[in-house]
Protein chains: 2
Amino acid sequence: MQLEQMNLEQLQTEEKKLLSTHQQFQASALKLDLTRGKPSAEQLTLSEGMEGLLAGKMIHEDGTDLRNYGGADGIKEARQLGGDMLGLPAEEVMVGDHTSLTLMYLYLLHAFYHGVQGPDTAWAKEGQVKFICLVPGYDRHFTICEELGIEMIHVRLLEEGPDLDQIEALVQEDPKIKGIWCVPKYSNPTGHIYSSETVKRLAGLGRVAGTNFRVMWDNAYGVHDLDENPPELEKIMDHARAQGCEDSIIQVASTSKITFAGGGISFIGASSSNLNHFRKRLSVMTIGPNKLNQRRHMLFLQNLEGVKQLMKKHAKILGPKFKTVEKLLQEGLQGRGMGCWSTPRGGYFVSYDAPPGTATEIVRLAGEAGVKLTPAGATFPYRKDPEDANIRLAPTFPVFEEVDQAMKVFVNCVKLACVQQRLQNN
Amino acid sequence: MQLEQMNLEQLQTEEKKLLSTHQQFQASALKLDLTRGKPSAEQLTLSEGMEGLLAGKMIHEDGTDLRNYGGADGIKEARQLGGDMLGLPAEEVMVGDHTSLTLMYLYLLHAFYHGVQGPDTAWAKEGQVKFICLVPGYDRHFTICEELGIEMIHVRLLEEGPDLDQIEALVQEDPKIKGIWCVPKYSNPTGHIYSSETVKRLAGLGRVAGTNFRVMWDNAYGVHDLDENPPELEKIMDHARAQGCEDSIIQVASTSKITFAGGGISFIGASSSNLNHFRKRLSVMTIGPNKLNQRRHMLFLQNLEGVKQLMKKHAKILGPKFKTVEKLLQEGLQGRGMGCWSTPRGGYFVSYDAPPGTATEIVRLAGEAGVKLTPAGATFPYRKDPEDANIRLAPTFPVFEEVDQAMKVFVNCVKLACVQQRLQNN
């Protein structure tokens with residue numbers, strides 16, 4: 001029955017039932033965790049064969065001694081893989097160490113203090129600059145802005161990607177808006193994929209927003225499909241080039257959720273002009289990335305086709321977990337006025353929107369019943385969801401049974417919070 | 001014969017002879033390189049056995065899945081090794097990826113913009129801050145200061161380490177001096193080792209220079225001995241603690257010149273209070289270091305004793321190269337008024353001081369004869385040696401025969417430049 005059709009007595013009966021279930025969960029002393037988007041042990045084991053591949057292969061066929069210093073851009077076959085993943089020629093890719101988060105941080109740091117195209121273009125010189133943050137979104141993107149003192153303006157992410165009418169109007173009105181964070185495929189946490197139209201318009205946003213503006217294109221889940229016939233994301237750089245905006249696109253990706261989360265390789269792709277400026281910055285802090293790990297990866301993965309084959313094995317492990325999340329949400333909450341949720345075809349998250357004002361309480365209740373959830377608000381800049389509605393569910397790390405159990409607890413918590421809110425408002 | 005005792009005719013005869021030798025070198029189309037402090041292929045091969053050790057050992061005995069995200073401080077046995085190398089308890093060490101240069105850069109960045117002990121202590125808030133740079137010194141330290149706009153004051157490095165009378169006077173006079181770069185053992189490029197007295201006084205410098213001051217203690221060559229009975233460096237933190245100055249010491253080291261220059265692990269050691277602040281910064285840009293590479297290293301190196309054993313093998317390879325440098329300099333230049341040089345007992349460099357005004361010309365001549373040298377001035381802030389005297393020689397990377405050949409060319413270039421300068425001044 002729809003929540004709003006229930007009368008007082010029905011609500012009270014329902015609350016009693018839900019509380020009793022809740023207490024049973026509490027009594028069983030669960031210790032479950034749906035917080036972070038980490039791969040599971042089973043997934044990580046898929047790449048264990050990588051260890052040892054480097055033996056006798058530490059000197060590259062091109063003569064480079066991979067054991068020694070140097071090679072700021074990374075090894076060529078890794079650049080090629082990065083290019084294939086990001087839709088760029090290898091020359092427009094630099095390969096970094098195991099975390100694309102570091103590349104994003106350093107790029108923004110560079111843009112802020114040193115300037116994307118030299119000192120005159122430093123954002124810091126323009127006073128209080130701003131960034132567009134799509135919500136719900138990825139907390140670590142927001143934290144980078146916070147660290148640098150960049151003001152965040154949040155804009156709701158739609159099913160097709162960001163609302164370009166709204167965004168174009170914003171950047172036109174305010175030249176201090178210097179960028180936008182995007183996770184274009186299987187967006188964190190909604191799982192949305194930006195439509196062709198959206199990608200095309202984002203690619204040309206620089207024409208409206210100015211030469212100093214950067215679309216931060218974090219393609220973290222570009223190959224993280226769950227379906228047999230996965231959707232394709234438009235190649236943003238092709239569209240940017242066509243509109244003369246190639247300098248406004250900065251792309252990143254990594255193998256963190258392909259091979260090892262704690263020991264993969266990462267990619268940053270951008271126009272040669274952007275990379276030339278960024279390379280200068282990197283040269284101050286490092287004498288090149290870990291080329292041995294890059295080589296080890298390439299011996300293991302070979303190329304994009306190899307990556308796709310590996311991702312199918314990941315999908316086999318992840319598919320059932322996402323399915324049980326969807327099934328339990330549907331069975332428990334569908335058509336009851338108890339929020340809505342995304343049904344992603346890939347990526348690492350499910351986004352759940354509770355009735356406004358209940359997210360914090362749901363997270364609290366779940367914690368009480370032994371299920372750790374990402375704090376409500378985490379998917380918003382400054383950790384503040386004005387509606388107190390969004391909760392990010394991360395079903396990848398726990399084993400299937402734990403996901404299943406945790407989601408049963410979660411669904412009960414949602415119902416309980418919704419019924420209690422209704423009772424309070426009565 | 002001493003240069004200054006030669007008459008015009010003798011100088012002209014000598015010039016002719018030297019020029020003829022120089023032209024012979026030119027004709028033999030050499031391609032030799034004494035520029036950067038890189039380990040040689042032979043040295044790097046010593047650590048090839050590391051590859052493969054991780055197989056089946058990617059989950060730590062303490063339960064940590066090393067393949068996954070997390071563990072900002074690094075794995076415990078690597079922290080222990082870093083502590084043993086730096087003279088600190090493991091808890092005061094964080095283990096990073098393959099470059100301590102990155103840790104130094106990030107630490108200074110943190111100190112400059114965010115503050116060593118929180119926002120109120122940010123150097124950037126104090127206007128034009130300064131750093132003491134010992135000369136000759138390490139160019140990459142200077143570049144970090146330049147990048148951040150920190151003004152560099154150079155102070156001559158003495159045999160026993162920095163002149164503390166001079167330095168204490170400087171920091172007492174100018175509270176905007178916020179730190180000093182030190183390579184305390186086998187200093188780059190002189191090979192000097194700071195005396196006990198110097199280390200003790202540096203350890204207490206914070207009492208004079210204020211709580212915001214940092215001694216950047218880059219112990220890059222702490223175990224890089226050439227002698228059988230190597231000299232010991234005082235543990236600076238013990239002395240700092242005794243003087244209540246533990247917060248003013250920041251230490252780094254790495255295995256870049258122990259295992260793989262392009263794929264080692266690095267350490268930063270500091271008081272818990274300093275690390276707590278720095279950790280916050282790192283948490284914005286990374287979800288932890290590459291723990292797999294740390295583990296691989298520890299399986300290979302085991303502990304400090306293992307490191308020392310490995311370093312003996314390095315010394316066997318490097319010893320003859322340093323000896324030939326010393327021998328050729330002595331035979332060719334000793335007692336002739338043609339400069340002086342260091343005879344290091346470890347490290348990666350030999351520092352040569354030419355008669356003032358000839359370094360640039362010597363480097364030019366050597367280049368002409370096929371021997372690449374680090375540009376004159378590189379060992380000084382802003383790449384400007386006011387005396388145009390210092391040249392850094394790096395004999396580690398080329399094979400023995402190349403070092404030998406390159407030094408013969410070098411000695412001839414020195415003589416030629418000296419004789420020609422003398423002729424011009426006549």
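Two exercises with worked solutions follow, and both concern a predicted model.

**Exercise 1.** Work out in which order the strands of the open sheet in chain A are arranged, and which strands stand at its edges.

*Solution.* Begin with the sheet itself, an open one made of 3 strands of chain A in the order 10-11-13, with antiparallel pairing. Next, look for strands that have a single partner strand: in chain A these are strand 10 (340-341) and strand 13 (390-393), so each stands at an edge and has one side left without a neighbour in the sheet. Then turn to one pairing in detail, where strand 10 of chain A meets strand 11 (residues 350-353) of chain A in the antiparallel sense over 2 bridges. Finally, find A:Trp341 in the structure, and opposite this residue you will see A:Tyr352, which belongs to strand 11 of chain A.

**Exercise 2.** Describe how chain A is divided into domains, and determine which element gives the most residues to the side of domain 1 of chain A that touches domain 2 of chain A.

*Solution.* Start from the division of chain A, in which domain 1 covers 3-43 + 308-425 and domain 2 covers 61-303. The centres of these two domains of chain A, taken over C-alpha atoms, are separated by 31 Å. Now consider the contact, to which domain 1 of chain A contributes 25 residues and domain 2 of chain A likewise contributes 25 residues. On the domain 1 side, the elements of chain A that give two or more residues are helix 12 (304-333), strand 11 and strand 13. Helix 12 of chain A gives the most, with 7 residues.

Terms used: Residues numbered from 1 in each chain as written. Chains lettered and ligands numbered in written order. Predicted model: local features only at pLDDT ≥ 70, side-chain atom pairs only at ≥ 80, totals over all residues. Pairing = 2+ DSSP bridges. Helix = DSSP H or I, 4+ residues; strand = E, 2+ residues; numbered from the N terminus. Domains from an automatic or database assignment. Contact = placed C-beta atoms within 7 Å.
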